Number of protein chains: 2
Amino acid sequence: MKFIRVFGLVLTAALLSPTLQAADADERAQIATDTRQGLLKVVVSYFGPLVGMARGQIPFNAELVETNATKISTLVEMIPDVFRTDTRGADVETEALDHIWDNMDDFAGKAATVAERATALAGAASGGQDNFMQAFGATGGACKACHDEYRVQQ
Amino acid sequence: MKFIRVFGLVLTAALLSPTLQAADADERAQIATDTRQGLLKVVVSYFGPLVGMARGQIPFNAELVETNATKISTLVEMIPDVFRTDTRGADVETEALDHIWDNMDDFAGKAATVAERATALAGAASGGQDNFMQAFGATGGACKACHDEYRVQQ
């Protein structure tokens with residue numbers, strides 16, 4: 001009885017998404033690509049208001065900076081996980097450059113730097129707008145360092 | 001000089017993604033949809049190995065359960081944020097039902113229950129496989145409760 005109940009719920013979880021039934025390498029590569037792009041879209045969504053503040057388009061809000069920068073840091077720490085699947089040679093649309101998977105330690109290190117700077121940004125917010133601007137710039141610089149090395153140049 | 005440096009980095013951040021320059025309501029709805037689907041894809045990616053363990057397809061690994069369930073909990077807490085943009089009536093492909101935005105408190109409450117159960121799952125892992133199975137079932141049940149109410153039935 002307990003087994004049946006648990007099994008039913010396991011089945012439910014398995015049906016959460018076709019992801020879990022992925023069959024061939026191309027499907028797995030597409031799912032991995034969608035997942036890593038998905039993570040970065042969430043990062044961007046939390047960055048949006050901070051960019052608005054830095055540009056003076058919306059009022060500086062220390063509490064929101066702290067909240068969003070903390071979430072950005074947590075998300076960015078997941079980057080090495082979601083880039084674990086090597087999609088070199090797979091038929092996927094991606095801006096991720098192949099040499100990510102030749103340099104995973106460096107790539108993960110660059111992501112860790114972004115996470116550290118986002119944590120510092122969260123901490124800096126209570127120090128006022130100048131502190132925010134400086135820490136925001138440092139975080140953006142860490143994003144750029146990774147994009148310059150590992151993303152298709154736009 | 002400092003202004004120019006900071007401005008350059010702000011501009012860099014603004015160029016992170018077209019997201020930040022979104023113009024009309026339909027574009028914003030598409031970005032919001034992509035972002036929330038992106039978050040859930042990351043959740044599913046961390047669920048995958050737990051489903052494999054629950055089905056006996058891969059060996060039980062308490063440490064991995066704890067790591068992934070903790071990340072799932074953190075991600076699920078972001079659900080109300082990424083569903084904030086009301087996309088009712090927008091031209092987007094989505095399984096999110098319109099009444100999410102009539103019942104945001106209940107929707108957010110259901111997400112909070114998933115997050116709590118995922119945290120409990122992380123804690124249960126060290127208690128062995130039976131504890132894992134029970135806490136995993138409870139987490140899957142909380143996912144299902146939200147899907148049953150707020151997602152297109154499949």
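This is a predicted model: local features need pLDDT of at least 70, side-chain atom pairs count only at pLDDT 80 or more; totals for chains, interfaces and linings use all residues.
Is Arg84(A) buried or exposed? Exposed, at 62% relative accessibility.

Start with the fold of chain A. There are 6 helices and 0 strands. Along the sequence, that reads α-α-α-α-α-α. Chain A has 154 residues, and 40% of them are buried.

Now helix 6 of chain A. It runs over residues 129–150, which is 22 residues. From first C-alpha to last, helix 6 reaches 31 Å.

Which residues of helix 6 are buried? Among them are the aromatics Phe132(A), Phe136(A) and Tyr150(A). Two cysteines, Cys143(A) and Cys146(A), are on the list as well. So are Gly137(A) and Gly140(A), along with Ala135(A), Ala142(A), Met133(A) and Thr139(A).

On to charges. Over all chains, the structure holds 12 salt bridges. Back to Arg84(A): its side chain meets that of Asp81(A) in a salt bridge, 3.0 Å from N to O. Asp81(A) also pairs with Lys71(B), at 2.6 Å from N to O.

Next, a pair inside chain B. Asp106(B) forms a salt bridge with Lys110(B), with the closest N and O atoms 3.1 Å apart. Both lie in helix 5 of chain B, residues 104–124. They are 4 residues apart, about one turn of the helix. How exposed are they? Asp106(B) is partly exposed, with a relative accessible area of 34%. Lys110(B) is partly exposed too, at 22%. Elsewhere, salt bridges with shared partners join Lys71(A), Asp81(B) and Arg84(B) into one network.

Last stop, the surface of chain A. Which residues gather in a patch of negative charge there? Asp24(A), Asp26(A), Glu27(A), Asp91(A) and Glu93(A). Take Asp91(A). Asp91(A) lies in the loop between helix 4 (79–82) and helix 5 (104–124) of chain A. Why does Asp91(A) count as exposed? Because its relative accessible area is 69%, and the cut-off for exposed is over 50%.

Conventions
Residues are numbered from 1 along each chain as its sequence is written. Chains are lettered from A and ligands numbered from 1 in the order in which they are written. Side-chain values use heavy atoms; hydrogens and water are left out. Patches are made of residues with over 30% relative accessible area and no salt bridge: like charges are joined within 9 Å, nonpolar side chains (Val, Leu, Ile, Met, Phe, Trp, Tyr) within 5 Å. Accessible areas come from the Shrake-Rupley method with a 1.4 Å probe; for residues, only the protein chains shown count as cover. A salt bridge is a side-chain nitrogen of Lys or Arg within 4 Å of a carboxyl oxygen of Asp or Glu. Lys and Arg count as positive and Asp and Glu as negative; His and the chain ends are not counted. The place of a charge is taken as NZ of Lys, CZ of Arg, CG of Asp or CD of Glu. Buried means under 20% relative accessible area, exposed over 50%, partly exposed in between (1.4 Å probe, protein chains only). The expected span of a helix is 1.5 Å times one less than its number of residues.
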